[in-house]
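User: I would like to learn how to read a structure like this one, feature by feature. Where do we begin?

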Amino acid sequence: RVGRHLLGLTLPVLAIWAVVAVAVHSVLPMAWLGSLVLLLGWLGIDALPDLGLETYLLRFNERPALLYSDFQGYGALLGLHQWLTLYWALLAGILLILTYVFWPYTHRLGWLARWQQSRRQCNRWLVSIVVLLGAAFLTLGYFLRQAEHNRSLPPDAAALAAFRQKAVAYQALQPPQIIAVELNLDLYPQEARFVAEGHYIVVNEGDRPIDSILIRSSYDELTTLHWDRPSQLLSQDQPTRHQLYQLAPALEPKDTAKLFFSIQSRPNLLLERQSVVLDNGSFLREDILPILGNSLDTLRHLTDPKARQRHFYRPDAHRVSIQTTVTTDLDQQALAPGTLLRQDTTPEGRHRFVYKTLTPVKFQASFHSGRYASCQAGPVVLWHHPKHQQHHDALLSGAQTSLAWNGQRWGATP
């Protein structure tokens with residue numbers, strides 16, 4: 001693995017820098033001056049993001065950091081890493097030819113004499129190769145730039161500030177509280193996508209009717225919403241994914257309603273992994289689901305005495321009952337909150353798991369799918385990569401001790 005990383009990922013980066021170093025020293029007459037230019041250039045590239053130039057197309061020989069995992073290897077960013085390597089290798093090829101042209105000189109020659117001598121080194125073949133490499137470099141840069149424009153970005157500071165100004169009118173809107181969640185989650189690891197459908201059961205715990213509800217959808221997924229009663233979309237803020245609905249009739253105190261949602265992941269792009277689904281070891285959190293209320297107004301929750309008596313996870317839920325049906329590839333195990341009620345195979349040949357919490361829990365959930373191995377000690381089950389065979393006993397023992405200690409002081413874990 002180390003050899004593949006060095007030869008396939010690190011060596012091309014070093015080779016491109018070596019070409020640039022030779023090119024700079026072939027042009028500048030003094031070794032110390034060439035080294036200084038290379039050092040300043042290397043330091044300046046790291047400062048470009050601070051100047052607002054975050055695109056990798058202007059940051060010479062820079063690439064996103066790659067993290068290796070036994071579950072997914074280098075992940076979706078490996079493709080971007082390779083495209084950027086090709087992009088900068090084309091420029092390095094141009095510099096290599098220019099270095100060959102400028103190479104035969106002596107320090108005593110002036111710039112005009114060196115230019116004339118370099119022109120004699122040129123020929124039709126070298127010019128043709130430079131033109132072809134330059135055309136390929138510009139064409140690839142154009143397509144990479146177009147891919148950058150198609151990225152889905154979170155709201156910037158200006159968009160957040162604009163929404164907070166509008167959200168002053170929403171501070172009096174108290175959202176209903178979620179008491180139950182039913183979710184059907186279909187994971188397609190080989191296609192790097194998921195589709196989810198489900199609903200919330202919400203209750204008006206206040207003493208006044210609720211006729212307007214603010215809802216925020218996930219930034220990274222595509223979400224559609226509808227209620228089990230007549231409703232109207234009054235407004236929406238696309239950068240922050242907030243929507244304001246009006247219910248008719250209003251939700252009376254102690255009354256319940258259902259909010260239905262349909263969610264699907266965005267497709268991965270050339271320059272960005274937009275889907276949270278991986279070939280192996282997918283990890284999804286509850287933030288793919290909609291949030292009721294102004295989730296950006298954290299200051300109010302910190303200063304609200306009622307909020308301090310609860311928690312800071314969400315403005316729309318205390319404890320909820322969660323039932324999840326997860327389907328995934330036949331060779332993968334799915335994990336979700338609660339107790340596994342049923343495990344079978346669908347008619348389409350997919351693995352299906354049904355989980356349900358036996359008592360209400362905090363709405364802080366995660367959903368997993370992967371080719372796991374497992375070991376168990378008492379009520380604790382440890383799911384892990386099949387190659388990771390170390391420290392199982394210590395992890396299981398620590399988890400059991402923690403459950404026992406907390407159970408004596410705070411009550412049994414639900």
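User: Is L36 buried, partly exposed or exposed, and which helix holds it?

Analyst: This is a predicted model, and the values are computed from it. Exposure is read from relative accessible area: under 20% is buried, over 50% is exposed, and partly exposed is in between. L36 has 38% relative accessibility, so it counts as partly exposed. It is found in helix α2.

User: What are the totals for the chain, in helices, strands and buried residues?

Analyst: There are 9 helices and 17 strands. Of the 414 residues, 41% are buried. The accessible surface is about 23600 Å², and carbon and sulfur atoms hold 60% of it. Contacts tell you about sequence distance. Among those with a separation of 6 or more, 68% link residues 24 or more positions apart.

User: Now sheets. What is the order of strands in the open sheet of 4 strands?

Analyst: Start with the general idea. Strands of a sheet pair through backbone hydrogen bonds, either parallel or antiparallel. Here the order is β5-β6-β3-β9, and the pairing is antiparallel. β5 (231-237) and β9 (291-292) are at the edges with a single partner strand each, so one side of each has no neighbour in the sheet.

User: How many bridges pair β3 with β9?

Analyst: Strand β3 (residues 210-216) and β9 pair over 2 bridges, in the antiparallel sense. One place to look is I215, whose bridge partner in β9 is L292.

User: Which residues does Q246 contact, beyond its neighbours within four places in sequence?

Analyst: Q246 lies in strand β6. Its contacts beyond those neighbours are D211, S212, P230, S231, Q232 and L234. Take L234: it is 12 residues from Q246 along the chain, yet their C-alpha atoms are separated by 6.6 Å. Q246 has a relative accessible area of 31%, which means it is partly exposed.

User: What is the order of the open sheet of 3 strands?

Analyst: It runs β8-β15-β11, with antiparallel pairing. β8 (282-285) and β11 (333-335) are the edge strands, each pairing on one side only. From one strand to the next, the twist averages 10 degrees. β8 is joined to β15 (residues 366-370) by 4 bridges. Find F283 and you will see H368 of β15 opposite.

User: Which residue takes a positive phi in the hairpin of β16 and β17?

Analyst: G378 does, with phi near 65 degrees. That hairpin has 2 residues between the strands. β16 (residues 373-377) and β17 (residues 380-384) pair antiparallel over 5 bridges. C375 stands opposite L382 in β17.

User: Which is buried and which is exposed, N61 or K254?

Analyst: N61 is buried, at 4% relative accessible area. K254 is exposed, at 63%.

User: Which residues are joined by a cis peptide bond?

Analyst: A248 and P249, with omega about 5 degrees. P249 is found in strand β6 (residues 242-251).

User: Last topic. How many salt bridges does the structure hold?

Analyst: It holds 9. In one of them, R350 meets D329, with the closest N and O atoms 3.7 Å apart. R350 is in the loop between β12 (339-345) and β13 (351-356) and D329 in the loop between β10 (317-328) and β11, so the pair ties together parts 21 residues apart in sequence. Both residues, R350 and D329, are buried.

User: What separates the parts tied together by D331 and R371?

Analyst: These parts are 40 residues apart in sequence, because D331 lies in the loop between β10 and β11 and R371 in the loop between β15 and β16. The N to O distance of this salt bridge is 3.3 Å. D331 is partly exposed at 46%, and R371 is partly exposed at 27%.

Notes
Residues numbered from 1 in each chain as written. Predicted model: local features only at pLDDT ≥ 70, side-chain atom pairs only at ≥ 80, totals over all residues. Heavy atoms only, no water. Pairing = 2+ DSSP bridges. Axes fitted to C-alpha atoms, helices over the stretch in contact; angles between N-to-C directions. Buried < 20%, exposed > 50% of the residue type's maximum accessible area, 1.4 Å probe, protein only. Contact = heavy atoms within 4.5 Å. Areas by Shrake-Rupley, 256 points an atom, 1.4 Å probe, with all protein chains shown as cover. Salt bridge = Lys/Arg side-chain N within 4 Å of Asp/Glu carboxyl O.
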